[in-house]
Amino acid sequence: MTAPATRTEQVYEVLRSELLNGVLHPSQKLKMVELTERFGVSQSVVREALTRLTEQGLLVATPQRGFRVRDLSVEDIAELTETRVQVESLALRLAVQRGDLQWETGVLAAHHRLERTPVTRADETVSEDWSVQHRDFHQALLAGCGNRRLEAVATSLRDSAELYRRWYWVLTDDHQRDLAAEHRQLKDLALARDADQAIQVLTGHIDRAPSLLIAYAREHGLDDLNRPAPRDQAQPL
């Protein structure tokens, strides 16, 4: 018999993948009864999985109305991006100043894993393995800052941006982007202790996807991004 924790994890992973790959749309309601029937589990299992997704900022819980996919607003994208740039720039500057040999080794190892992990799967969706390595590389860059609270804030903001990044992959046509080169440049500049140039590259790296997503929203009159028309191809950040 499958343990409740394992069933919760299974429901969570399926719904998270559907959220991040555009199967579930902004503002869409997730009905408890339908989900319990679909997965063949109890409401408590579904509720725990939905609560985890809410804590990650992928869903919104409303009293008496249940769970729904979060809205994707231009205003929120702009504010989140501005905050990420400020926080991650500070953390990276401190990491470049304070990082020791262990930090350098961690950055090199994380970058090595990222470069050798395929970005997309056979169905052209973004590989979850690549997403994990991408997250780990950016965390490794900031890990030398010596401030766990600052790291935690940066990680939380990056997690909050994940859904926007996925919508960028689906909605925008950014196939000329060389992600590998951007990550390689970030690694090289950080290890060369060139904080100013590293921050400049990081700022462009963070800002590119939100800028294109906002441009798409305005071009299509979708300030709330609730009525997208996804393209077939995706380009990750």
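Which side chains meet in a salt bridge with 3.6 Å from N to O? Arg-158 and Glu-88 do. A salt bridge here is a side-chain nitrogen of Lys or Arg within 4 Å of a carboxyl oxygen of Asp or Glu. This is a predicted model, in which local features need pLDDT of at least 70 and side-chain atom pairs count only at pLDDT 80 or more, while totals for chains, interfaces and linings use all residues. Residues are numbered from 1 along each chain as its sequence is written, and side-chain values use heavy atoms, with hydrogens and water left out.

**The nonpolar core**

- The largest nonpolar core has 66 residues. Such a core is a set of buried Ala, Val, Leu, Ile, Met, Phe, Trp, Tyr and Cys residues joined through side-chain atoms within 4.5 Å.
- Buried means under 20% relative accessible area; exposed means over 50%, and partly exposed is in between (1.4 Å probe, protein chains only).
- Leu-50 and Leu-92 touch the most other members of this core.
- Helix H10 (residues 195–219) gives the most to the core, with 11 residues. Helices (H or I, at least four residues) are DSSP runs, numbered from the N terminus.
- Leu-92 is in contact with Leu-141, Leu-142, Ala-198, Ile-199 and Leu-202, leaving aside neighbours within four places in sequence. Contact means heavy atoms within 4.5 Å.

**Helices H4 and H7**

- Two packed helices are described by the angle between their axes and the distance between the axes.
- The axes of H4 (residues 74–98) and H7 (residues 148–160) come within 10 Å. They cross at roughly 145 degrees.
- Axes are lines fitted to C-alpha atoms, for helices over the stretch in contact, and angles run from 0 to 180 degrees between N-to-C directions.
- The crossing of H4 and H7 is left-handed. That term applies if the near helix is turned anticlockwise from the far one by less than a right angle.
- H4 brings Leu-80, Thr-83, Arg-84, Val-87, Glu-88, Leu-90, Ala-91 and Leu-94 to the contact. H7 brings Leu-150, Val-153, Ala-154, Leu-157, Arg-158 and Ser-160.
- By class, the contact has nine nonpolar, two polar and three charged residues. Ala, Val, Leu, Ile, Met, Phe, Trp, Tyr, Cys and Pro count as nonpolar, Asp, Glu, Lys and Arg as charged, and the others, Gly among them, as polar.

**Salt bridges**

- Side chains of opposite charge can pair when their charged atoms come close.
- The whole structure holds 17 salt bridges.
- Arg-158 and Glu-88 form one of them. This pair links distant parts of the chain, with Arg-158 in helix H7 and Glu-88 in helix H4, 70 residues apart.
- Is this pair buried or exposed? Both Arg-158 and Glu-88 are buried.
- Glu-115 and Arg-184 meet in a salt bridge at 3.0 Å, N to O. Glu-115 lies in helix H5 (residues 101–115) and Arg-184 in helix H9 (residues 179–191), so the pair ties together parts that are 69 residues apart in sequence.
- Glu-115 is partly exposed, at 35% relative accessibility. Arg-184 is partly exposed with a relative accessible area of 35%.
- Arg-166 forms a salt bridge with Glu-128, and the closest N and O atoms are 3.3 Å apart. Arg-166 lies in helix H8 (residues 162–171) and Glu-128 in helix H6 (residues 128–142), so parts 38 residues apart in sequence are tied together.
- Arg-166 counts as buried because its relative accessibility is 1%. Glu-128 is partly exposed, at 22%.
- A network of salt bridges links Arg-16, Glu-128, Glu-162, Arg-165 and Arg-166.

- Pro-210 lies in helix H10. Pro-210 counts as buried, at 13% relative accessibility. Leaving aside neighbours within four places in sequence, Pro-210 is in contact with Ile-77 and Thr-81.
- Gly-204 also lies in helix H10. Gly-204 is partly exposed, with a relative accessible area of 40%.
- Ser-42 sits in the loop between helix H2 (32–39) and helix H3 (43–55). At 36% relative accessibility, Ser-42 is partly exposed.
- Most residues other than glycine have a negative phi. Arg-193 is not a glycine, yet has a positive phi of about 65 degrees.
- Arg-193 is in the loop between H9 and H10. Arg-193 is partly exposed, with a relative accessible area of 31%.

Terms used
Helix = DSSP H or I, 4+ residues; strand = E, 2+ residues; numbered from the N terminus.
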